[in-house]
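Okay, thanks for coming, everyone. Let me put the structure up and we'll walk through it.

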Amino acid sequence: MVKAGRMRYKLIIIGGSAGSFQVVTKILSKLPANFNIPIVLALHRLKHVRHGFVEALSIKSVLPVVEPLDKEGLKPGKVYLAPANYHLYVELAGKFALSTEEPVNHSRPAIDLSFMTGAYSYKEKTIGIILSGANKDGAMGLKKVKDWGGLTIVQDPAEAQMPTMPKAALDMAGQVDHILKVDEIIKFLNSLTKS
Amino acid sequence: MKRALNEEIEIGISGIRKLTETLKNHYGFDIGVYSSTSLKRRVVKVMDLNNLKNLDALIQLLETSESFFPLFQKQLTVEGTEFFRDPALWRYLRDEIAPVLDRNHMKIKIWIPGCSTGEEVVSTAITLKNAGIYDKSVILATDLNKEIIKQSREVIYSNNKLEISENNYKRFLEDESADLSGYLIKKDKGFQFKDDLYSNIIYDVFTGTENLKIKGINVVLCRNYFIYFTTQYQEKLFGIFTANLSTNGYFAIGNKENITFCKDADKYALVNDNEKVYKKISA
(Lines give C-alpha, C1' and ligand atoms only; values in the text may rest on other atoms or scores of the structure.)
Protein backbone atom coordinates (compact mmCIF):
# COMPACT_ATOMS: atom_id res chain seq x y z
CA MET A 1 0.00 0.00 0.00
CA VAL A 2 1.30 3.37 -1.03
CA LYS A 3 1.65 5.96 1.70
CA ALA A 4 1.80 9.68 1.18
CA GLY A 5 2.99 12.26 3.67
CA ARG A 6 -0.01 14.05 5.11
CA MET A 7 -0.72 17.69 4.39
CA ARG A 8 2.01 17.88 1.86
CA TYR A 9 -0.18 18.06 -1.21
CA LYS A 10 -2.32 21.06 -2.15
CA LEU A 11 -3.38 20.18 -5.69
CA ILE A 12 -4.45 17.02 -7.49
CA ILE A 13 -4.77 17.11 -11.28
CA ILE A 14 -6.33 14.20 -13.09
CA GLY A 15 -6.06 13.88 -16.85
CA GLY A 16 -8.00 11.44 -19.01
CA SER A 17 -9.72 10.87 -22.29
CA ALA A 18 -11.49 7.88 -23.83
CA GLY A 19 -12.23 5.29 -21.15
CA SER A 20 -11.60 7.63 -18.25
CA PHE A 21 -15.16 8.68 -17.43
CA GLN A 22 -16.05 5.53 -15.48
CA VAL A 23 -12.71 5.70 -13.68
CA VAL A 24 -13.20 9.32 -12.63
CA THR A 25 -16.78 8.58 -11.56
CA LYS A 26 -15.58 5.70 -9.41
CA ILE A 27 -12.81 7.75 -7.83
CA LEU A 28 -15.20 10.61 -7.02
CA SER A 29 -17.69 8.19 -5.47
CA LYS A 30 -15.08 6.77 -3.08
CA LEU A 31 -13.52 9.89 -1.64
CA PRO A 32 -14.33 10.88 1.95
CA ALA A 33 -16.55 13.89 2.53
CA ASN A 34 -13.73 15.60 4.42
CA PHE A 35 -11.29 15.27 1.53
CA ASN A 36 -9.49 18.58 1.66
CA ILE A 37 -7.36 18.92 -1.47
CA PRO A 38 -8.74 20.59 -4.61
CA ILE A 39 -9.05 18.22 -7.56
CA VAL A 40 -8.75 19.51 -11.11
CA LEU A 41 -10.16 17.30 -13.85
CA ALA A 42 -8.65 17.88 -17.28
CA LEU A 43 -10.73 15.53 -19.38
CA HIS A 44 -11.23 15.57 -23.12
CA ARG A 45 -14.79 16.37 -24.04
CA LEU A 46 -16.90 17.45 -26.99
CA LYS A 47 -16.24 21.12 -27.62
CA HIS A 48 -19.79 22.10 -28.44
CA VAL A 49 -21.49 20.20 -25.60
CA ARG A 50 -21.28 22.52 -22.63
CA HIS A 51 -23.89 20.95 -20.43
CA GLY A 52 -24.32 17.53 -18.87
CA PHE A 53 -20.76 16.58 -17.98
CA VAL A 54 -20.68 18.22 -14.55
CA GLU A 55 -24.13 16.84 -13.86
CA ALA A 56 -23.04 13.31 -14.85
CA LEU A 57 -19.97 13.49 -12.63
CA SER A 58 -21.97 14.94 -9.75
CA ILE A 59 -24.42 12.06 -9.53
CA LYS A 60 -22.06 9.79 -7.62
CA SER A 61 -19.49 12.30 -6.41
CA VAL A 62 -19.18 12.84 -2.68
CA LEU A 63 -17.60 16.26 -3.28
CA PRO A 64 -19.15 19.15 -5.21
CA VAL A 65 -18.14 19.21 -8.90
CA VAL A 66 -18.09 22.54 -10.73
CA GLU A 67 -16.70 24.12 -13.87
CA PRO A 68 -14.62 27.03 -12.62
CA LEU A 69 -15.19 30.56 -13.80
CA ASP A 70 -12.26 32.62 -15.00
CA LYS A 71 -10.03 33.76 -12.06
CA GLU A 72 -12.01 31.69 -9.55
CA GLY A 73 -9.92 30.60 -6.55
CA LEU A 74 -9.20 26.93 -5.85
CA LYS A 75 -10.81 25.67 -2.66
CA PRO A 76 -10.10 22.47 -0.73
CA GLY A 77 -12.72 19.77 -1.02
CA LYS A 78 -13.97 20.88 -4.42
CA VAL A 79 -13.68 19.18 -7.77
CA TYR A 80 -13.10 21.41 -10.80
CA LEU A 81 -13.83 20.22 -14.32
CA ALA A 82 -12.15 22.00 -17.25
CA PRO A 83 -15.00 23.62 -19.23
CA ALA A 84 -15.73 22.76 -22.87
CA ASN A 85 -13.72 24.60 -25.52
CA TYR A 86 -11.43 26.40 -23.05
CA HIS A 87 -7.95 25.64 -21.78
CA LEU A 88 -7.84 25.63 -17.99
CA TYR A 89 -4.74 27.09 -16.35
CA VAL A 90 -3.86 26.93 -12.66
CA GLU A 91 -2.06 30.14 -11.75
CA LEU A 92 0.38 31.09 -8.99
CA ALA A 93 -2.15 32.91 -6.83
CA GLY A 94 -4.17 29.69 -6.45
CA LYS A 95 -6.62 30.87 -9.08
CA PHE A 96 -7.84 29.43 -12.33
CA ALA A 97 -7.49 31.24 -15.63
CA LEU A 98 -9.19 30.31 -18.88
CA SER A 99 -7.93 30.66 -22.41
CA THR A 100 -9.25 30.15 -25.92
CA GLU A 101 -5.78 29.80 -27.38
CA GLU A 102 -5.40 27.31 -30.19
CA PRO A 103 -5.89 23.61 -29.34
CA VAL A 104 -2.85 21.71 -28.08
CA ASN A 105 -2.58 18.03 -29.05
CA HIS A 106 -5.78 18.73 -31.00
CA SER A 107 -7.45 19.34 -27.67
CA ARG A 108 -9.05 22.25 -25.88
CA PRO A 109 -9.03 21.73 -22.95
CA ALA A 110 -5.53 20.29 -23.26
CA ILE A 111 -4.44 18.06 -20.40
CA ASP A 112 -0.82 19.14 -20.90
CA LEU A 113 -1.62 22.78 -20.22
CA SER A 114 -3.55 22.19 -16.99
CA PHE A 115 -0.78 19.89 -15.75
CA MET A 116 2.06 22.23 -16.76
CA THR A 117 0.51 25.31 -15.20
CA GLY A 118 -0.60 23.43 -12.08
CA ALA A 119 2.86 21.90 -11.63
CA TYR A 120 4.52 25.29 -12.10
CA SER A 121 2.21 26.94 -9.59
CA TYR A 122 2.15 24.24 -6.89
CA LYS A 123 5.56 22.63 -7.48
CA GLU A 124 6.17 19.70 -5.05
CA LYS A 125 2.67 20.11 -3.63
CA THR A 126 1.18 18.74 -6.87
CA ILE A 127 -0.10 15.25 -7.58
CA GLY A 128 -0.60 14.43 -11.26
CA ILE A 129 -2.63 11.39 -12.31
CA ILE A 130 -2.95 10.19 -15.90
CA LEU A 131 -5.81 7.83 -16.73
CA SER A 132 -7.08 5.97 -19.77
CA GLY A 133 -7.05 7.71 -23.14
CA ALA A 134 -6.47 7.11 -26.83
CA ASN A 135 -3.88 9.83 -27.47
CA LYS A 136 -0.74 11.35 -25.95
CA ASP A 137 -2.05 14.52 -24.35
CA GLY A 138 -0.92 14.74 -20.72
CA ALA A 139 2.45 13.04 -21.23
CA MET A 140 4.42 16.28 -21.32
CA GLY A 141 2.29 17.64 -18.50
CA LEU A 142 3.06 14.69 -16.24
CA LYS A 143 6.75 15.09 -16.99
CA LYS A 144 6.47 18.70 -15.82
CA VAL A 145 4.82 17.57 -12.58
CA LYS A 146 7.81 15.33 -12.05
CA ASP A 147 10.34 18.01 -13.03
CA TRP A 148 8.84 20.45 -10.54
CA GLY A 149 9.03 17.88 -7.75
CA GLY A 150 5.41 16.76 -7.66
CA LEU A 151 4.09 13.22 -7.30
CA THR A 152 3.30 11.29 -10.49
CA ILE A 153 0.76 8.50 -10.83
CA VAL A 154 -0.26 6.64 -13.97
CA GLN A 155 -3.17 4.25 -14.27
CA ASP A 156 -1.84 0.76 -14.96
CA PRO A 157 -1.99 0.48 -18.78
CA ALA A 158 -2.90 -3.20 -18.39
CA GLU A 159 -6.10 -2.12 -16.68
CA ALA A 160 -6.86 1.05 -18.67
CA GLN A 161 -9.57 0.73 -21.28
CA MET A 162 -7.38 2.77 -23.63
CA PRO A 163 -3.71 2.29 -22.70
CA THR A 164 -2.23 4.80 -25.16
CA MET A 165 -2.37 7.78 -22.82
CA PRO A 166 -0.92 6.04 -19.73
CA LYS A 167 1.77 4.44 -21.88
CA ALA A 168 2.68 7.77 -23.49
CA ALA A 169 2.91 9.35 -20.03
CA LEU A 170 5.22 6.57 -18.87
CA ASP A 171 7.40 6.98 -21.99
CA MET A 172 7.68 10.72 -21.60
CA ALA A 173 7.97 11.08 -17.83
CA GLY A 174 10.30 8.10 -17.42
CA GLN A 175 10.24 6.78 -13.86
CA VAL A 176 6.92 7.76 -12.28
CA ASP A 177 6.16 7.41 -8.59
CA HIS A 178 3.32 4.93 -8.92
CA ILE A 179 1.65 2.80 -11.56
CA LEU A 180 -1.68 1.92 -9.98
CA LYS A 181 -4.96 0.21 -10.67
CA VAL A 182 -8.10 2.30 -10.06
CA ASP A 183 -8.75 0.71 -6.66
CA GLU A 184 -5.21 1.51 -5.62
CA ILE A 185 -5.56 5.10 -6.78
CA ILE A 186 -8.66 5.35 -4.59
CA LYS A 187 -6.83 3.86 -1.59
CA PHE A 188 -3.95 6.24 -2.15
CA LEU A 189 -6.19 9.30 -2.32
CA ASN A 190 -8.01 8.19 0.81
CA SER A 191 -4.69 7.84 2.63
CA LEU A 192 -4.03 11.55 2.06
CA THR A 193 -6.69 12.66 4.53
CA LYS A 194 -6.42 9.82 7.10
CA SER A 195 -4.60 10.51 10.32
CA MET B 1 13.42 26.68 -33.74
CA LYS B 2 9.69 26.42 -33.28
CA ARG B 3 8.76 25.06 -29.89
CA ALA B 4 6.03 22.57 -29.32
CA LEU B 5 2.93 24.23 -27.90
CA ASN B 6 3.12 22.11 -24.79
CA GLU B 7 6.74 22.80 -24.08
CA GLU B 8 7.79 24.52 -20.93
CA ILE B 9 7.27 28.20 -20.46
CA GLU B 10 10.81 29.26 -19.74
CA ILE B 11 10.19 32.85 -18.84
CA GLY B 12 10.57 33.58 -15.17
CA ILE B 13 9.11 36.42 -13.14
CA SER B 14 12.29 38.50 -13.45
CA GLY B 15 12.21 38.20 -17.24
CA ILE B 16 8.62 39.36 -17.41
CA ARG B 17 9.49 42.25 -15.11
CA LYS B 18 12.25 43.36 -17.48
CA LEU B 19 9.96 43.09 -20.51
CA THR B 20 7.28 45.05 -18.65
CA GLU B 21 9.76 47.86 -17.92
CA THR B 22 10.91 48.05 -21.55
CA LEU B 23 7.38 48.21 -22.92
CA LYS B 24 6.34 50.80 -20.39
CA ASN B 25 9.38 53.03 -20.93
CA HIS B 26 9.55 52.84 -24.71
CA TYR B 27 5.92 52.56 -25.70
CA GLY B 28 3.78 53.36 -22.67
CA PHE B 29 2.27 49.89 -23.09
CA ASP B 30 1.43 48.11 -19.84
CA ILE B 31 1.48 44.30 -20.02
CA GLY B 32 0.87 44.20 -16.28
CA VAL B 33 -2.84 44.18 -17.12
CA TYR B 34 -2.60 40.75 -18.75
CA SER B 35 -3.37 37.43 -17.11
CA SER B 36 0.02 35.86 -16.35
CA THR B 37 -0.07 32.38 -17.90
CA SER B 38 -1.56 33.51 -21.20
CA LEU B 39 0.86 36.42 -21.32
CA LYS B 40 3.87 34.14 -20.88
CA ARG B 41 2.63 31.73 -23.52
CA ARG B 42 2.07 34.58 -25.97
CA VAL B 43 5.51 36.07 -25.31
CA VAL B 44 7.05 32.68 -26.09
CA LYS B 45 4.96 32.60 -29.25
CA VAL B 46 6.22 36.04 -30.30
CA MET B 47 9.80 34.84 -29.75
CA ASP B 48 9.15 31.80 -31.95
CA LEU B 49 7.46 33.78 -34.72
CA ASN B 50 10.47 36.08 -34.94
CA ASN B 51 13.19 33.48 -34.44
CA LEU B 52 14.39 35.08 -31.23
CA LYS B 53 16.30 32.63 -29.09
CA ASN B 54 15.59 34.19 -25.73
CA LEU B 55 13.73 36.94 -23.94
CA ASP B 56 16.75 39.26 -23.95
CA ALA B 57 16.75 39.14 -27.75
CA LEU B 58 13.08 40.13 -27.76
CA ILE B 59 13.69 42.97 -25.32
CA GLN B 60 16.62 44.19 -27.42
CA LEU B 61 14.50 44.15 -30.58
CA LEU B 62 11.79 46.16 -28.85
CA GLU B 63 14.38 48.65 -27.63
CA THR B 64 16.04 49.14 -31.01
CA SER B 65 13.20 48.80 -33.53
CA GLU B 66 10.11 50.93 -33.06
CA SER B 67 8.57 49.50 -36.20
CA PHE B 68 8.49 46.07 -34.55
CA PHE B 69 6.17 47.18 -31.76
CA PRO B 70 2.82 47.08 -33.64
CA LEU B 71 3.71 43.61 -34.90
CA PHE B 72 4.59 42.60 -31.34
CA GLN B 73 1.16 43.72 -30.14
CA LYS B 74 -0.50 41.83 -32.96
CA GLN B 75 1.37 38.64 -32.24
CA LEU B 76 0.63 39.01 -28.54
CA THR B 77 -3.11 39.10 -29.28
CA VAL B 78 -4.86 35.74 -29.09
CA GLU B 79 -6.55 34.79 -32.37
CA GLY B 80 -10.28 34.18 -32.56
CA THR B 81 -11.30 30.54 -32.32
CA GLU B 82 -14.12 29.92 -34.77
CA PHE B 83 -17.16 31.57 -36.33
CA PHE B 84 -20.45 31.25 -34.43
CA ARG B 85 -18.76 29.90 -31.32
CA ASP B 86 -21.62 29.05 -28.91
CA PRO B 87 -24.43 28.91 -31.49
CA ALA B 88 -27.11 29.58 -28.87
CA LEU B 89 -25.66 33.06 -28.25
CA TRP B 90 -26.13 33.98 -31.89
CA ARG B 91 -29.64 32.61 -31.88
CA TYR B 92 -30.39 34.75 -28.82
CA LEU B 93 -28.96 37.79 -30.59
CA ARG B 94 -31.12 37.12 -33.64
CA ASP B 95 -34.36 36.07 -31.92
CA GLU B 96 -34.46 38.06 -28.69
CA ILE B 97 -32.12 41.04 -28.90
CA ALA B 98 -32.48 42.04 -32.57
CA PRO B 99 -36.29 42.46 -32.55
CA VAL B 100 -36.11 44.66 -29.44
CA LEU B 101 -33.41 46.83 -30.97
CA ASP B 102 -35.26 46.97 -34.28
CA ARG B 103 -38.39 48.26 -32.54
CA ASN B 104 -36.66 50.86 -30.43
CA HIS B 105 -33.87 52.29 -32.55
CA MET B 106 -33.35 53.93 -35.92
CA LYS B 107 -29.70 52.95 -35.85
CA ILE B 108 -28.35 49.90 -34.02
CA LYS B 109 -24.82 50.18 -32.70
CA ILE B 110 -22.81 47.14 -31.74
CA TRP B 111 -19.29 47.26 -30.32
CA ILE B 112 -16.75 44.43 -30.39
CA PRO B 113 -13.85 45.76 -28.29
CA GLY B 114 -11.26 43.08 -29.11
CA CYS B 115 -11.89 42.13 -32.72
CA SER B 116 -8.57 40.24 -33.16
CA THR B 117 -8.88 38.04 -36.24
CA GLY B 118 -12.47 39.08 -36.87
CA GLU B 119 -14.49 35.93 -36.18
CA GLU B 120 -16.96 37.63 -33.84
CA VAL B 121 -17.29 40.58 -36.22
CA VAL B 122 -18.22 38.38 -39.18
CA SER B 123 -20.54 36.23 -37.07
CA THR B 124 -22.29 39.38 -35.88
CA ALA B 125 -22.72 40.76 -39.40
CA ILE B 126 -24.18 37.48 -40.68
CA THR B 127 -26.49 37.21 -37.67
CA LEU B 128 -27.76 40.77 -38.21
CA LYS B 129 -28.37 39.93 -41.87
CA ASN B 130 -30.29 36.86 -40.72
CA ALA B 131 -32.34 39.06 -38.45
CA GLY B 132 -32.97 41.50 -41.30
CA ILE B 133 -31.49 44.48 -39.46
CA TYR B 134 -27.96 44.71 -40.86
CA ASP B 135 -28.86 47.68 -43.07
CA LYS B 136 -29.74 49.79 -40.04
CA SER B 137 -26.80 48.56 -37.97
CA VAL B 138 -23.22 49.61 -37.50
CA ILE B 139 -20.59 47.34 -35.98
CA LEU B 140 -17.68 49.07 -34.29
CA ALA B 141 -14.71 46.68 -34.33
CA THR B 142 -11.76 47.81 -32.24
CA ASP B 143 -8.42 46.49 -31.09
CA LEU B 144 -5.04 47.67 -29.80
CA ASN B 145 -3.56 49.07 -33.01
CA LYS B 146 -3.95 49.51 -36.77
CA GLU B 147 -1.95 46.38 -37.54
CA ILE B 148 -4.48 44.18 -35.71
CA ILE B 149 -7.46 45.97 -37.26
CA LYS B 150 -5.99 45.47 -40.72
CA GLN B 151 -5.56 41.78 -40.00
CA SER B 152 -9.11 41.56 -38.71
CA ARG B 153 -10.37 42.76 -42.09
CA GLU B 154 -7.86 41.16 -44.44
CA VAL B 155 -6.91 37.84 -42.84
CA ILE B 156 -7.29 34.70 -44.93
CA TYR B 157 -8.91 32.11 -42.70
CA SER B 158 -7.52 28.59 -42.86
CA ASN B 159 -9.76 25.92 -44.31
CA ASN B 160 -9.76 23.84 -41.15
CA LYS B 161 -11.72 26.66 -39.49
CA LEU B 162 -14.51 26.24 -42.01
CA GLU B 163 -15.79 22.86 -40.90
CA ILE B 164 -16.01 23.81 -37.21
CA SER B 165 -17.65 27.08 -38.14
CA GLU B 166 -20.18 25.58 -40.49
CA ASN B 167 -21.11 23.03 -37.84
CA ASN B 168 -21.71 25.95 -35.48
CA TYR B 169 -23.71 27.71 -38.18
CA LYS B 170 -25.94 24.66 -38.67
CA ARG B 171 -26.60 24.60 -34.93
CA PHE B 172 -27.30 28.32 -34.92
CA LEU B 173 -29.87 28.00 -37.71
CA GLU B 174 -31.00 24.56 -36.51
CA ASP B 175 -30.68 23.49 -40.13
CA GLU B 176 -28.45 20.56 -41.11
CA SER B 177 -28.22 21.76 -44.71
CA ALA B 178 -27.07 25.29 -43.87
CA ASP B 179 -23.60 26.40 -44.94
CA LEU B 180 -21.64 29.62 -45.27
CA SER B 181 -20.88 29.30 -48.98
CA GLY B 182 -23.08 32.26 -49.90
CA TYR B 183 -20.90 34.55 -47.78
CA LEU B 184 -17.50 33.16 -48.75
CA ILE B 185 -14.79 33.75 -51.28
CA LYS B 186 -12.44 30.79 -51.67
CA LYS B 187 -8.75 31.66 -51.71
CA ASP B 188 -5.65 29.63 -52.51
CA LYS B 189 -4.92 28.70 -48.93
CA GLY B 190 -8.22 29.35 -47.24
CA PHE B 191 -11.18 31.66 -47.41
CA GLN B 192 -12.39 35.22 -46.86
CA PHE B 193 -15.78 36.83 -46.70
CA LYS B 194 -17.41 38.93 -49.41
CA ASP B 195 -16.96 42.70 -49.27
CA ASP B 196 -20.64 43.48 -48.78
CA LEU B 197 -20.54 41.75 -45.40
CA TYR B 198 -18.15 44.48 -44.26
CA SER B 199 -20.26 47.41 -45.53
CA ASN B 200 -21.48 48.44 -42.07
CA ILE B 201 -18.37 47.70 -40.05
CA ILE B 202 -16.25 50.56 -38.73
CA TYR B 203 -12.75 49.78 -37.52
CA ASP B 204 -10.92 51.84 -34.94
CA VAL B 205 -8.12 51.69 -32.39
CA PHE B 206 -9.12 51.13 -28.78
CA THR B 207 -6.49 50.67 -26.10
CA GLY B 208 -8.64 51.49 -23.10
CA THR B 209 -8.28 55.27 -23.09
CA GLU B 210 -9.79 56.56 -26.36
CA ASN B 211 -13.19 58.16 -26.76
CA LEU B 212 -15.31 56.05 -29.08
CA LYS B 213 -16.25 57.35 -32.51
CA ILE B 214 -19.76 56.10 -31.92
CA LYS B 215 -21.88 57.16 -28.96
CA GLY B 216 -24.71 55.28 -27.30
CA ILE B 217 -23.74 51.67 -27.97
CA ASN B 218 -26.68 49.20 -27.89
CA VAL B 219 -24.73 45.94 -27.63
CA VAL B 220 -21.21 45.17 -26.41
CA LEU B 221 -20.04 41.75 -27.57
CA CYS B 222 -17.13 41.03 -25.34
CA ARG B 223 -16.81 37.27 -25.24
CA ASN B 224 -13.57 35.64 -24.13
CA TYR B 225 -11.83 38.98 -23.90
CA PHE B 226 -11.77 39.49 -20.13
CA ILE B 227 -10.06 36.12 -19.61
CA TYR B 228 -6.80 37.62 -20.87
CA PHE B 229 -6.73 40.33 -18.22
CA THR B 230 -6.24 40.58 -14.48
CA THR B 231 -9.39 41.06 -12.42
CA GLN B 232 -8.30 44.63 -11.60
CA TYR B 233 -8.11 45.50 -15.29
CA GLN B 234 -11.32 43.58 -16.03
CA GLU B 235 -13.08 45.88 -13.60
CA LYS B 236 -11.59 48.96 -15.23
CA LEU B 237 -12.58 47.79 -18.72
CA PHE B 238 -16.05 46.90 -17.54
CA GLY B 239 -16.41 50.47 -16.26
CA ILE B 240 -15.50 51.82 -19.71
CA PHE B 241 -17.91 49.46 -21.47
CA THR B 242 -20.67 50.40 -19.05
CA ALA B 243 -20.07 54.12 -19.62
CA ASN B 244 -20.38 53.65 -23.39
CA LEU B 245 -23.40 51.36 -23.30
CA SER B 246 -26.79 53.02 -23.38
CA THR B 247 -29.44 52.12 -20.81
CA ASN B 248 -31.36 49.01 -21.91
CA GLY B 249 -28.29 47.99 -23.91
CA TYR B 250 -26.94 44.44 -23.87
CA PHE B 251 -23.57 43.17 -22.71
CA ALA B 252 -22.33 39.64 -23.51
CA ILE B 253 -19.32 37.85 -22.02
CA GLY B 254 -18.03 34.30 -22.47
CA ASN B 255 -20.01 31.60 -20.69
CA LYS B 256 -17.25 31.03 -18.11
CA GLU B 257 -16.33 34.65 -17.60
CA ASN B 258 -17.39 36.58 -14.55
CA ILE B 259 -18.20 40.24 -13.93
CA THR B 260 -20.24 39.91 -10.77
CA PHE B 261 -17.33 41.11 -8.63
CA CYS B 262 -17.22 44.45 -10.47
CA LYS B 263 -18.70 47.56 -8.89
CA ASP B 264 -20.72 48.33 -12.02
CA ALA B 265 -22.32 44.89 -12.07
CA ASP B 266 -25.32 46.11 -10.08
CA LYS B 267 -26.32 48.29 -13.05
CA TYR B 268 -27.16 45.10 -14.93
CA ALA B 269 -29.71 42.29 -14.95
CA LEU B 270 -28.73 38.86 -16.20
CA VAL B 271 -31.12 38.11 -19.08
CA ASN B 272 -29.54 34.93 -20.43
CA ASP B 273 -27.84 32.74 -17.86
CA ASN B 274 -26.43 30.13 -20.26
CA GLU B 275 -24.87 32.62 -22.63
CA LYS B 276 -24.08 35.25 -20.00
CA VAL B 277 -25.95 38.13 -21.57
CA TYR B 278 -26.64 41.12 -19.33
CA LYS B 279 -28.94 44.06 -19.81
CA LYS B 280 -28.02 47.47 -18.49
CA ILE B 281 -30.97 48.56 -16.39
CA SER B 282 -29.67 51.74 -14.76
CA ALA B 283 -27.38 54.53 -15.84
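**Cores and the interface**

So, in this predicted model, the largest nonpolar core has 51 residues, and Phe29(B), Leu58(B), Phe72(B), Phe226(B), Phe241(B) and Phe251(B) have the most contacts inside it. By nonpolar core I mean buried Ala, Val, Leu, Ile, Met, Phe, Trp, Tyr and Cys residues joined through side-chain atoms within 4.5 Å; buried is under 20% relative accessible area, with a 1.4 Å probe and protein chains only. Domain 1 (13–76) and domain 2 (87–280) of chain B both contribute residues, so this core sits between them; those bounds come from an automatic or database domain assignment.

Take Phe72(B): leaving out residues up to four places away in sequence, Phe72(B) touches Leu23(B), Phe29(B), Val46(B), Leu58(B) and Leu62(B). Contact here is heavy atoms within 4.5 Å. Apart from that core there's another, of 41 residues, Tyr157(B) and Phe172(B) among them.

Now the interface: 37 residues of chain B contact 35 of chain A. There are seven salt bridges between the two chains, meaning a Lys or Arg side-chain nitrogen within 4 Å of an Asp or Glu carboxyl oxygen. One of them joins Glu102(A) and Lys45(B), at 2.6 Å, N to O.

Housekeeping: residues count from 1 along each chain as its sequence is written, and chains are lettered from A, ligands numbered from 1, in the order written. Local features need pLDDT of at least 70 and side-chain atom pairs 80 or more, while totals for chains, interfaces and linings use all residues, and side-chain values use heavy atoms, without hydrogens or water.

How values were computed
Buried < 20%, exposed > 50% of the residue type's maximum accessible area, 1.4 Å probe, protein only.
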